Amino acid sequence: GPGTPGAAGDFGWKVLTSSNPAVVKSKLNSELANGRLAMIAIIGMFFQEGITGDIWGGLAKTAKIFAFENELGVQSPLGFWDPAGWTEDGSIENYKRRRQTEIKHGRIAMLATMGYITPELYGKLPGYLSPSLGIKFADVPNGLGAISKVPAAGWGQIIAYMAFCEVSSKQGPGTPGAAGDFGWKVLTSSNPAVVKSK
């Protein structure tokens, strides 16, 4: 009941606790923090089991993904993160191809993000996007609204440039392009350690 030691979490079991009230208070604080974490963890495990049918999400069945724990891009606290299970086969060739694609798509996403933010912060270019159609850069909204405003010829130019980027450098296995290095040293470096950290 209220006011009893049990209500404060002290059930008289001194094996893992103490007779010293300051130590008891410190240990109860730790227990509260760890208990909260455990409550979140068990809810996550229930959710994982409901989605995948396995509280480990298939992790216990496949230890092959641990082969990628020391690869570039693995970060704490998650370690190697593959929620879709694409590396379950343990194929290093498939992993490297997907990593190459991830680097490429990540760079495109970063450029797209800057393209979205920059006009909002610094304004748009002066002049015309399409002089023949009378479309000014200022007439083109940011975000998805721009899709319908850019002329078909503009989209053709964008797609042609993307294709050029895909075929203009060697990206096969074992080439610098496969590792994301296309020789453009303006924002990177000739030093391999600096390139790896970037």
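Analyst: Happy to. Bear in mind that this is a predicted model.

User: How far apart are Glu69 and Phe80 in sequence and in space?

Analyst: They are separated by 11 residues in sequence, while their C-alpha atoms are 5.3 Å apart. Glu69 itself sits in the loop between α1 (21-52) and α2 (92-122).

User: Is Glu69 buried, partly exposed or exposed?

Analyst: Compare the relative accessible area with the cut-offs: buried is under 20% and exposed is over 50%. Glu69 has 28%, so it is partly exposed.

User: Next, polar contacts. Which side chain makes one with the side chain of Asn142?

Analyst: That of Glu120, at 2.6 Å. A backbone atom can take part as well: the backbone oxygen of Tyr116 is 3.2 Å from a polar atom of the Asn142 side chain. Asn142 lies in the loop between β2 (135-136) and α3 (152-167). Leaving out neighbours within four places, its contacts are Tyr116, Pro119, Glu120 and Lys124.

User: And which residues make the nonpolar surface patch?

Analyst: Leu144, Ile147, Trp155, Ile158, Ile159 and Met162 form it, covering about 630 Å². Take Trp155, which is in helix α3. Its relative accessibility is 33%, so Trp155 counts as partly exposed. Patch members need over 30%.

How values were computed: Residues are numbered from 1 along each chain as its sequence is written. This is a predicted model: local features need pLDDT of at least 70, side-chain atom pairs count only at pLDDT 80 or more; totals for chains, interfaces and linings use all residues. Side-chain values use heavy atoms; hydrogens and water are left out. Helices (H or I, at least four residues) and strands (E, at least two) are DSSP runs, numbered from the N terminus. Buried means under 20% relative accessible area, exposed over 50%, partly exposed in between (1.4 Å probe, protein chains only). A polar contact is a pair of N or O atoms within 3.5 Å; within protein, one must be able to donate a hydrogen and the other to accept it, and residues adjacent in sequence count only if both atoms are side-chain atoms. Contact means heavy atoms within 4.5 Å. Patches are made of residues with over 30% relative accessible area and no salt bridge: like charges are joined within 9 Å, nonpolar side chains (Val, Leu, Ile, Met, Phe, Trp, Tyr) within 5 Å. Accessible areas come from the Shrake-Rupley method with a 1.4 Å probe; for residues, only the protein chains shown count as cover. A salt bridge is a side-chain nitrogen of Lys or Arg within 4 Å of a carboxyl oxygen of Asp or Glu.
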